Amino acid sequence: QVQLVQSGGGLVQAGGSLRLSCAASVRIFSINAAGWYRQAPGKQRELVAAITDGGSTNYVDSVKGRFTISRDNAKNTVYLQMNSLKPEDTAIYYCNAEISSPLTQPRYYWGQGTQVTVSS
């Protein structure tokens with residue numbers, strides 16, 4: 001069964017950078033549209049950045065100019081580059097993506113989540 005596998009994240013000082021990755025666990029499956037969400041303690045999950053299968057991107061205002069979502073179709077991976085990190089970026093980050101294969105209908109999957117902690 002295909003899964004979305006996240007990597008990256010961790011602890012960084014304010015002003016630092018991190019990169020998150022999200023890949024389909026089975027090579028035959030392709031990532032179509034994708035998004036990165038985050039959920040801070042006591043807050044609702046919010047969409048941070050999204051990318052279409054054509055490469056168009058969209059960002060929540062709070063991360064514009066600091067975060068970049070991108071994709072490498074050859075590696076079947078979506079990335080979130082996070083620069084100029086702030087303590088308020090601290091949250092669990094989740095990848096969500098539509099995955100399809102030649103034999104299956106497209107459906108959305110969630111990654112396992114990864115903690116990002118920004119110290120002041």
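Here are some numbered notes on this structure, which is a predicted model.

1. Let's start with strand β11, residues 114–119.

2. What does β11 pair with? Strand β2 (residues 10–13) runs parallel to β11, and four bridges join the two. Within that pairing, valine 12 stands opposite valine 118. Strand β9 (residues 91–101) runs antiparallel to β11, with three bridges between them. Here tyrosine 93 has threonine 114 as its bridge partner.

3. While you're at β2, have a look at alanine 14, which sits in the loop between β2 and β3. Its relative accessibility is 42%, so alanine 14 counts as partly exposed. The C-alpha atoms of alanine 14 and serine 119 are 5.7 Å apart, although 105 residues separate the two along the chain. Setting aside residues up to four places away in sequence, alanine 14 touches Leu85, Pro87, Val118, Ser119 and Ser120.

4. On to the cysteines. A search of the whole structure turns up one disulfide, formed by cysteine 22 and cysteine 95, with 2.0 Å between their sulfur atoms. Cysteine 22 belongs to strand β3 (residues 18–24) and cysteine 95 to strand β9, so the pair ties together parts that are 73 residues apart in sequence. The torsion about the S-S bond is about -75°, so this disulfide is left-handed. Are the two cysteines buried or exposed? Cysteine 22 is buried, and so is cysteine 95.

5. Now the nonpolar side of things. The largest nonpolar core has 31 residues, and Leu80, Met82 and Tyr93 touch the most other members. Several strands supply at least two residues each, among them β3, β4 (30–39), β5 (46–51) and β11. β7 (67–72) and β8 (77–82) also supply at least two each. Which strand gives the most to this core? That would be β9, with five residues.

6. Leucine 80 deserves a click in your viewer. Leaving out residues up to four places away in sequence, leucine 80 touches Leu18, Arg19, Leu20, Trp36, Ala49, Phe67, Thr68, Ile69 and Tyr93.

7. Then there are the aromatics. The structure holds two aromatic pairs. One of them is tyrosine 94 with tryptophan 110, an edge-to-face pair at 6.3 Å centre to centre and 90° between the planes. Tyrosine 94 comes from strand β9 and tryptophan 110 from strand β10 (residues 104–110), so the pair ties together parts that are 16 residues apart in sequence.

8. Tryptophan 110 has a relative accessible area of 42% and is partly exposed.

9. Finally, a couple of arginines over rings. Arginine 45 lies over the face of tyrosine 94, at 3.8 Å from the ring centre. Elsewhere, arginine 107 places its charged end over the ring of tyrosine 109, 4.2 Å from the centre of that ring.

Note on methods
Residues are numbered from 1 along each chain as its sequence is written. This is a predicted model: local features need pLDDT of at least 70, side-chain atom pairs count only at pLDDT 80 or more; totals for chains, interfaces and linings use all residues. Side-chain values use heavy atoms; hydrogens and water are left out. Two strands pair if DSSP finds at least two bridges between them. A disulfide is a pair of cysteine sulfur atoms within 2.5 Å. Buried means under 20% relative accessible area, exposed over 50%, partly exposed in between (1.4 Å probe, protein chains only). Rings of Phe, Tyr and Trp (its six-membered ring) pair if their centres lie within 6.5 Å; planes under 30 degrees apart count as stacked, over 60 as edge-to-face and the rest as tilted. A charge sits over a ring if NZ of Lys or CZ of Arg is within 6 Å of the ring centre and within 35 degrees of the ring normal. A nonpolar core is a set of buried Ala, Val, Leu, Ile, Met, Phe, Trp, Tyr and Cys residues joined through side-chain atoms within 4.5 Å. Contact means heavy atoms within 4.5 Å.
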